[in-house]
Amino acid sequence: MVTDTIADYLTRIRNASRAGHRVVEIPASNLKKEITKILFDQGYILSYKFEDDKVQGTIKIALKYDKLTKEPVIKKIERISKPGLRKYASNANLPRVLNGLGIAIVSTSHGVMTSKQAKAENVGGEVLCYVY
């Protein structure tokens, strides 16, 4: 049994990209689906597919690599708010990752979004992870 499903999701992506895998399969949840959509929109993954079976369903993510150096596009993906210590930020204190080169994924009352989008909508929330 996994207690922190978001950390498991991020770890599966991190391990698959470091191992050079093209596709990674992850058990689905609504929060993971939203994070996957953000990663795709921001250009960190090549594509994704949600597969529903009778029980839970899976997310298939095609990882993205640099064409010349064959290095993964995701250099670092790190969990910030953990079940034992939640990290919240108001709209004025939303983090900037790598001086704007990375993204922070935030769970707000308006849904899951990047910190830039949350700042534009003037909402704060729980800082889930950093990606760069």
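**Close-up 1. Glu-126 in strand β8.** Glu-126 lies in strand β8, residues 125–131 (strands, E, of at least two residues are DSSP runs numbered from the N terminus). The model is predicted: local features need pLDDT of at least 70 and side-chain atom pairs pLDDT 80 or more, while totals for chains, interfaces and linings use all residues. Residues are numbered from 1 along each chain as its sequence is written, and side-chain values use heavy atoms, without hydrogens and water. With a relative accessible area of 13%, Glu-126 is buried (under 20%, 1.4 Å probe, protein chains only).

**Close-up 2. Surroundings of Glu-126.** The side chains of Glu-126 and Arg-86 make a polar contact at 2.9 Å (a pair of N or O atoms within 3.5 Å, one able to donate a hydrogen and the other to accept it). Beyond neighbours within four places in sequence, the residues in contact with Glu-126 include Ser-81, Tyr-88 and Val-106 (heavy atoms within 4.5 Å).

Close-up 3. Strands β6 (residues 103–108) and β7 (residues 111–114) run antiparallel and are joined by 4 bridges (pairing requires at least two DSSP bridges). Val-106 has Met-113 of β7 as its bridge partner. The hairpin passes from β6 to β7 through 2 residues.

**Close-up 4. Lining of the largest cavity.** Ser-17, Tyr-44, Leu-63, Lys-64, Tyr-65, Pro-72, Val-73 and Ile-74 line the largest cavity (points on a 1 Å grid where a 1.4 Å probe fits but cannot get out; lining residues have an atom within 4 Å of a point). The space in this cavity is about 30 Å³, taken as that filled by probe spheres set on the points.

Terms used: 1 Å grid on protein atoms, 1.4 Å probe; cavity = no way out; pocket = protein on both sides within 12 Å on 5 of 7 lines; lining within 4 Å. Buried < 20%, exposed > 50% of the residue type's maximum accessible area, 1.4 Å probe, protein only.
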